[in-house]
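Please keep the sequence and the model in view while reading.

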Amino acid sequence: MSVKKYSKKKDSAKKLSKNFSVSEFACKDGSDEILIDNKLVSFLQKIRDWAGNSVLITSAYRNPVYNSKIGGASNSYHTKGQAADIVVKGKKPIEVARFAQSINVKGIGCYNDDLFVHIDTRPTKFYWYNQSCTPTDTFLQSKYKTGNYSVKADVLNIRTGASRSFSCKKFSQLTSDAQKQILKIAGYKVNGYVKSMICTVTQIKDNWGKTPSGWICLDYCQKI
Ligand SMILES: [Zn+2]
């Protein structure tokens with residue numbers, strides 16, 4: 001990482017890469033100082049080359065005063081010259097986010113609601129959706145589809161949400177249909193789906209599927 005200081009007055013026309021110039025990174029309040037991380041420029045150029053179309057930077061450097069005025073997070077990567085919000089002509093935000101993930105950008109915000117993508121050069125991975133900042137592990141499409149699955153694990157936890165951080169449901173919290181199936185196969189009350197049970201998945205999130213009783217990890221199931 002190498003963040004450099006530029007002057008809007010002196011350096012505006014200066015080329016940073018094939019398709020990007022200093023002026024595009026300037027703070028929107030018209031102030032002179034501009035901070036730009038050359039790693040950010042390199043990511044943007046890769047996105048530009050992939051898209052084969054214009055990449056509009058709607059916001060890059062923000063001085064701390066301007067950043068607080070527009071309600072930006074106080075430690076925002078924009079204030080360090082390490083972030084850019086972009087609109088890529090001809091590409092949906094999710095397509096841009098997926099490409100950014102593929103070139104190992106660690107900070108990616110996919111704003112499907114506002115039709116832009118935020119990228120930054122933070123060192124550890126954090127991906128999110130929209131102003132709500134909903135975290136996601138990946139922007140890649142799930143390899144799983146909705147439908148019926150047979151359980152392959154001896155006991156498969158059923159969780160209240162689509163990740164291991166959500167709590168597991170108890171037998172008493174499952175649907176009566178699931179309880180009947182479990183009792184029939186296992187012969188006693190188990191806190192989860194049991195091997196060879198059939199469950200219907202109506203929603204997919206990454207490698208998790210939503211069943212009537214809760215979320216299950218589809219890595220332990222077989223599509224039927
Ligand atoms: Zn941003």
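Two strands are said to pair if DSSP finds at least two bridges between them. In this model, which is a predicted one, that criterion can be followed at a particular position: G209 stands opposite I216 in β15. The strand β14, residues 208–211, and β15 pair in the antiparallel sense over 4 bridges.

These strands belong to an open sheet of 3 strands, in the order β13-β14-β15, with antiparallel pairing. At its edges are β13 (203–205) and β15 (214–217), each of which pairs on one side only. From one strand to the next, the twist averages 30°.

A further open sheet is also built from 3 strands, arranged in the order β12-β9-β16 with antiparallel pairing. Because β12 (198–201) and β16 (221–223) stand at the edges with a single partner strand each, one side of each is left without a neighbour in the sheet. Neighbouring strands here are turned by 40° against each other on average, direction ignored. Strand β9, residues 147–151, is joined to β16 by 3 bridges, and the two run antiparallel; S150 has Q222 in β16 as its bridge partner. Towards β12, strand β9 forms 4 bridges, again in the antiparallel sense, and Y149 stands opposite C199.

The interior may be considered next. In soluble globular proteins, nonpolar side chains tend to be buried together. The largest nonpolar core of this protein has 33 residues, and those with the most contacts inside it are I34, I36, V117 and I119. Two or more residues each come from β2 (33–37), α2 (38–51), β4 (83–88), α4 (93–102), β5 (107–111) and β6 (116–120). Among these elements, α2 gives the most, with 5 residues. Apart from this core lies another, of 18 residues, which includes Y149, L156, I158 and W208.

Which residues does I119 touch, leaving aside those up to four places away in sequence? The list consists of F43, A83, A84, I86, A100, V105, G107 and I108.

Helix α4 shows how an element can face the interior. An α-helix has 3.6 residues a turn, so residues three or four places apart point the same way. In α4, the residues P93, V96, A97 and A100 are buried. They lie on the same side of α4, because they cover an arc of only 100° around the axis. The covering of these buried residues includes α2, β4, β5 and β6. After α4 comes N104, whose phi is positive, near 70°.

Finally, the protein can be viewed as a whole. Its secondary structure comes to 5 helices and 16 strands. Of its 224 residues, 32% are buried. Among the contacts with a separation of 6 or more, 59% are between residues 24 or more positions apart. The C-alpha trace spans about 80 × 35 × 25 Å along its principal axes. The radius of gyration is 23 Å, whereas a compact globule of 224 residues would have one near 17 Å.

Terms used. Residues are numbered from 1 along each chain as its sequence is written. A nonpolar core is a set of buried Ala, Val, Leu, Ile, Met, Phe, Trp, Tyr and Cys residues joined through C-beta atoms within 7 Å. A residue is buried if 20 or more other C-beta atoms lie within 10 Å of its own, exposed if 12 or fewer, and partly exposed in between; C-beta atoms are placed from the backbone. Two residues are in contact if their C-beta atoms, placed from the backbone, lie within 7 Å. The radius of gyration is taken over C-alpha atoms; the globule rule is 2.2 Å times the number of residues to the power 0.38. Axes are lines fitted to C-alpha atoms, for helices over the stretch in contact, and angles run from 0 to 180 degrees between N-to-C directions. The arc is that of the directions from the helix axis to the C-beta atoms.
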